[in-house]
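Please keep the sequence and the three-dimensional view at hand while reading.

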Amino acid sequence: MNTRRLRVLRAPAVAALVAAAAVGCSGPGDDDARDVVSRFYAAVADGDGAAACALLLPGAADDLAEEEQAPCPEALLDPAGPGGVLGPRAADAAVEAVHRAGSQAQVVTASDTVFLARSGDTWVVTAVGCDPRGERPYDCEVES
Amino acid sequence: MSRHTGRSPVLRELRENSLSLAFAFLFLAVLAGQAFVGAAQRDSQQVAAGLEPLGVGDYVTSSVFWVDVTENWQSEFLQFLLFIALTVWFVQRGSPESKRLEAVGRETDEEQIVGSHARPDSPRWARVGGWRLRVYSHSLTLVMGAIFVGSWLAQSASGVVAYNEDQLRDLHAPVTWTEYIGLPDFWDRTLQNWQSELLAVLAMVVFSIFLRERGSPESKPVGVPHGATAVEG
């Protein structure tokens, strides 16, 4: 605790701080998240449920199938179910903003808010068809 | 030391810097350990959520890793900063961590060996006087303080990203940096580290009055009375 000990602590700490400052980002970025959402809504607009489901977190696709008692591609496009919300939103799915934080991202389109998570080298959709509820979590049409 | 004079210059150099080298080695080894166990924990959470693991390389560049690192750094440097500064004015009877009870304050130029009292082998800025002497007289606190502030800022910068990662995972909206530094998460990370550092200093100051470690300069010599202040082994 005397000054001798204090001095020896400085050099490695400064080096470590420099290393911290040099830290950059890795993995897929904002454009990749934006691309996944664009492809998801393009698939919904095209009626290609299989392509849209392939972009979902497997757990979210499974939950949807279980809830709707139908395979994911069918359930996702069902006008009486999620398709009734996602279909109209697919018509106006231009991406307006991407908020990325580490392994999670939120993509805001003209008509929707979509949540994504990093999985290996890509993004998967964890929740879509989401509306804000103030202090409470977003209310999402499809989520895991 | 005389029994080591026959050793090679390299060995002597290593020996005479062994304290710095030991701490540098331990620091790097522990930091690497933190990186590997942290990555393992993060990847197990990924797998549990049905996601592919991201690996150690991704983890050591993540804000989750750096907020944990920097929240500890800032508190350590704050601890030493406070210790250096407060021991100018505050004393503790019987503690080897304290200066002499009658030496409170900045002390005279003669005691500090500066200005006209400087010796030929004194550091140059201690000899020249003027602004350089004023800066050099506080250089330790200036550097420790700068590292503390830098680490704390780094904690806030990485902390807001780590916090937003949890926010997005839980389907909440992200927050800005200015919002984050007013949130309990930032202050919880900060204060939980500060309290432990302050307790450690308190324990060191008080325990070293009564307890000893033979041969350590952080302890009084074993036979020195409890009431002896500013005596190091």
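Val231(B) counts as partly exposed because its relative accessibility is 27%, where buried means under 20% relative accessible area, exposed over 50% and partly exposed in between, with a 1.4 Å probe and protein chains only. The model is predicted: local features need pLDDT of at least 70, side-chain atom pairs count only at pLDDT 80 or more, and totals for chains, interfaces and linings use all residues. Residues are numbered from 1 along each chain as its sequence is written, chains are lettered from A and ligands numbered from 1 in the order in which they are written, and side-chain values use heavy atoms, with hydrogens and water left out.

**Surroundings of Val231(B)**

- Val231(B) lies in the segment that follows helix 10 (184–210) of chain B; helices (H or I, at least four residues) and strands (E, at least two) are DSSP runs, numbered from the N terminus.
- The C-alpha atom of Val231(B) is 5.7 Å from that of Lys220(B), although 11 residues separate the two along the chain.
- Apart from neighbours within four places in sequence, Val231(B) is in contact with Pro96(B), Ser219(B), Lys220(B), Pro221(B) and Val224(B), contact meaning heavy atoms within 4.5 Å.

**A helix pair in chain B**

- Helix 4 (residues 63–89) and helix 8 (residues 139–169) of chain B pack with their axes 7 Å apart and at an angle of about 155°; axes are lines fitted to C-alpha atoms, for helices over the stretch in contact, and angles run from 0 to 180 degrees between N-to-C directions.
- Helix 4 and helix 8 of chain B are therefore roughly antiparallel to each other, a term for angles over 145 degrees, while those under 35 count as roughly parallel, 65 to 115 as roughly perpendicular and the rest as oblique.
- The contact of helix 4 with helix 8 of chain B involves 18 nonpolar, 9 polar and 2 charged residues; Ala, Val, Leu, Ile, Met, Phe, Trp, Tyr, Cys and Pro count as nonpolar, Asp, Glu, Lys and Arg as charged, and the others, Gly among them, as polar.
- Gln155(B) has its place in helix 8 of chain B and counts as buried, at 0% relative accessibility.
- Leaving aside neighbours within four places in sequence, the contacts of Gln155(B) include Val67(B), Thr70(B), Glu71(B) and Gln74(B), as well as Phe186(B), Arg189(B) and Thr190(B).

**Overall make-up of chain A**

- Chain A has 6 helices and 5 strands, and from the N terminus on its elements run α-α-α-α-α-α-β-β-β-β-β.
- Of the 144 residues in chain A, 46% are buried.
- Among the contacts in chain A with a separation of 6 or more, 41% are between residues 24 or more positions apart.

**The sheet of chain A**

- The 5 strands of chain A form an open sheet in the order 1-2-3-4-5, with antiparallel pairing; two strands pair if DSSP finds at least two bridges between them.
- Strand 1 (95–101) and strand 5 (136–143) of chain A are at the edges with a single partner strand each, so one side of each has no neighbour in the sheet.
- Neighbouring strands of this sheet are turned by 30° against each other on average, direction ignored.
- Strand 1 of chain A pairs with strand 2 (residues 104–109) of chain A over 6 bridges in the antiparallel sense, and Val98(A) has Val107(A) as its bridge partner in strand 2.
- Helix 6 (residues 82–90) of chain A packs on the sheet and touches strand 4 (122–133) and strand 5 of chain A; the direction of helix 6 makes about 95° with that of strand 4.

**Strand 3 of chain A**

- In strand 3 (residues 113–119) of chain A, 7 of its 7 residues are buried.
- Thr113(A), Phe115(A), Ala117(A) and Ser119(A) lie on one side of strand 3, and Val114(A), Leu116(A) and Arg118(A) on the other.
- In a regular strand the side chains alternate between the two faces of the sheet.
- Strand 2 and strand 3 of chain A run antiparallel, joined by 5 bridges, and form a hairpin with 3 residues between them.
- Strand 3 and strand 4 of chain A also run antiparallel, joined by 6 bridges, with Ser119(A) opposite Thr122(A) in strand 4.
- The hairpin of strand 3 and strand 4 of chain A has 2 residues between them, and Gly120(A) in the turn has a positive phi of about 60°.

**Asp62(A)**

- Asp62(A) is found in helix 4 (residues 58–68) of chain A and is exposed, with a relative accessible area of 52%.
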